[in-house]
Amino acid sequence: MKYVGMQTQISRNNTLSLLLLLLFPIIILGMVWVFLAVVNYFGNGYYDVNGEFHRQLDLHAVLTTFVEVLPWVVGIVGVWFLIAYFFNASMIQHVVQAKPLTRKDNARVYNIVENLCMACNMDMPAIYVVDDNQLNAFASGINKRTYAVTVTTGLLKKLDDDELAGVLAHELTHIRNRDTRLLITSIVFVGIVSTVMMVAARLLYGFMISGGSHSRSSSNKDNRNGMAATFIVLVVVVICAAIAYFFTLLTRFAISRKREYMADAGGAELCGNPLALASALRKISRNPGLDSVNREDVAQLFIVHPDEMDLGLLGFVKGLFSTHPDPEKRIAILEQF
């Protein structure tokens with residue numbers, strides 16, 4: 001692979017990623033509109049001359065209500081987003097139980113990061129270490145104050161200096177390309193949609209438990225119709241939320257996979273030894289650590305996802321929804337340099 005047009009590729013990738021990221025608020029607002037439309041449809045109607053009830057959708061009323069609730073939706077999602085966005089660094093380090101690393105703690109790692117930062121003229125990020133005998137690493141942060149590179153103790157023990165430099169160069173490239181900022185933004189939006197889906201599912205479950213017994217004890221036809229309409233609305237809400245969640249996941253995965261390839265290429269260029277990075281990826285993929293975190297939103301930051309090593313049909317299916325490209329494909333590309 002040639003490095004010709006590297007900055008052009010990064011620019012195009014950033015533009016595409018930003019366009020994909022715009023889908024998140026569109027999906028959230030679309031989900032709200034569909035919910036209002038369903039509520040309106042099952043809440044309005046008329047009886048004909050034969051006494052039959054016909055439901056109808058009042059689009060004008062739906063639009064009016066949507067405009068009224070729009071500031072509330074934007075406000076709630078905005079506050080939620082800002083809290084998660086600006087406190088993500090401390091939350092991630094708490095989840096993985098990472099500790100800060102200084103030159104005094106490990107001069108080898110500190111010096112490698114410092115030399116790489118000097119080579120690409122970037123500010124040095126914070127360095128963290130996780131006590132894990134397996135191998136993994138990731139970059140995080142949204143600005144110079146919060147940018148950080150985290151490694152496991154297993155990675156430091158089992159990689160030589162060249163391989164470690166390749167991994168650290170990969171993570172520094174994520175920071176240079178603003179990948180961490182974009183990925184954290186997508187993580188926050190996926191979390192919002194996921195929470196809405198879970199709340200809707202819980203409401204539906206609660207309705208099925210309490211509403212069913214109530215409807216059986218009631219002989220009032222209008223009450224039964226109202227219960228049925230409520231049930232249908234909840235089902236539609238859950239379905240809409242699930243569809244929205246599915247598309248936000250696909251969008252996030254597309255962003256993540258593209259950027260892993262770019263970080264591999266940029267890391268190989270920065271450390272000057274693509275074969276060393278390929279060797280490091282091979283070692284990490286055989287024994288990826290941080291699998292005890294059990295947080296998919298955090299795991300997508302790792303250089304190798306600990307749960308995406310399955311082969312065969314299951315591996316193919318999981319590959320469609322993976323946040324990382326297949327390690328063997330990444331290694332093969334690096335070995336072409």
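**Entry 1. Confidence**

pLDDT is the predictor's confidence in each residue, on a scale from 0 to 100. Contact, as I use it throughout, means heavy atoms within 4.5 Å. I am looking at a predicted model, in which local features need pLDDT of at least 70 and side-chain atom pairs count only at pLDDT 80 or more, while totals for chains, interfaces and linings use all residues. Residues are numbered from 1 along each chain as its sequence is written, and side-chain values use heavy atoms, with hydrogens and water left out.

I looked up the average first: the chain has a mean pLDDT of 79, and 77% of the residues reach at least 70. Over residues 308-320 the pLDDT stays under 50, and the model has twelve contacts beyond four places in sequence for that stretch. Residues 215-219 also stay under 50, with four such contacts. Where pLDDT is low, the predicted coordinates should not be read in detail.

**Entry 2. Overall make-up**

I took helices (H or I, at least four residues) and strands (E, at least two) as DSSP runs, numbered from the N terminus. The chain has 13 helices and six strands. For burial I used relative accessible area with a 1.4 Å probe and protein chains only: buried is under 20%, exposed is over 50%, and partly exposed is in between. By that cut-off, 46% of the 337 residues count as buried. I also checked how far contacts reach along the sequence: among those between residues at least 6 apart, 71% join residues at least 24 apart.

**Entry 3. The sheet**

I counted two strands as paired if DSSP finds at least two bridges between them. Four strands make an open sheet with mixed pairing, in the order β3-β4-β6-β5. β3 (99-100) and β5 (137-140) are at the edges with a single partner strand each, so one side of each has no neighbour in the sheet.

I then went through the pairs. β3 and β4 (residues 126-130) are antiparallel over two bridges, and P100 stands opposite Y128 in β4. β4 and β6 are parallel over five bridges; V130 stands opposite T152 in β6, and V129 has V151 as its bridge partner. β5 and β6 are antiparallel over four bridges, with A137 opposite V151.

In β6, five of five residues are buried. A148, T150 and T152 are on one side, V149 and V151 on the other, and both faces are covered. Helix α4 packs on the sheet and touches β4, β5 and β6 (148-152). Its direction makes about 160 degrees with that of β5, where axes are lines fitted to C-alpha atoms, for helices over the stretch in contact, and angles run from 0 to 180 degrees between N-to-C directions.

**Entry 4. Nonpolar cores**

A nonpolar core here is a set of buried Ala, Val, Leu, Ile, Met, Phe, Trp, Tyr and Cys residues joined through side-chain atoms within 4.5 Å. The largest one has 40 residues, and V96, F138, F189 and F302 touch the most other members. Elements giving two or more residues to this core include α2 (23-43), α3 (59-86), α8 (179-217) and α9 (221-271). α8 supplies the largest share, ten residues. Another core, of 37 residues, lies apart from it and includes V151, V167, L172 and L281.

I listed the contacts of F138, leaving aside neighbours within four places in sequence: among them are I92, V96, V149, L290 and F302.

I303 is in the loop between α11 and α12 (312-320). I303 is buried, with a relative accessible area of 0%. Its contacts, not counting residues up to four places away in sequence, include A137, V167, L281, I284 and R330. I303 and L135 are 168 residues apart in sequence and 9.6 Å apart in space, C-alpha to C-alpha.

The buried residues of α10 include P274, L277, L281 and I284.
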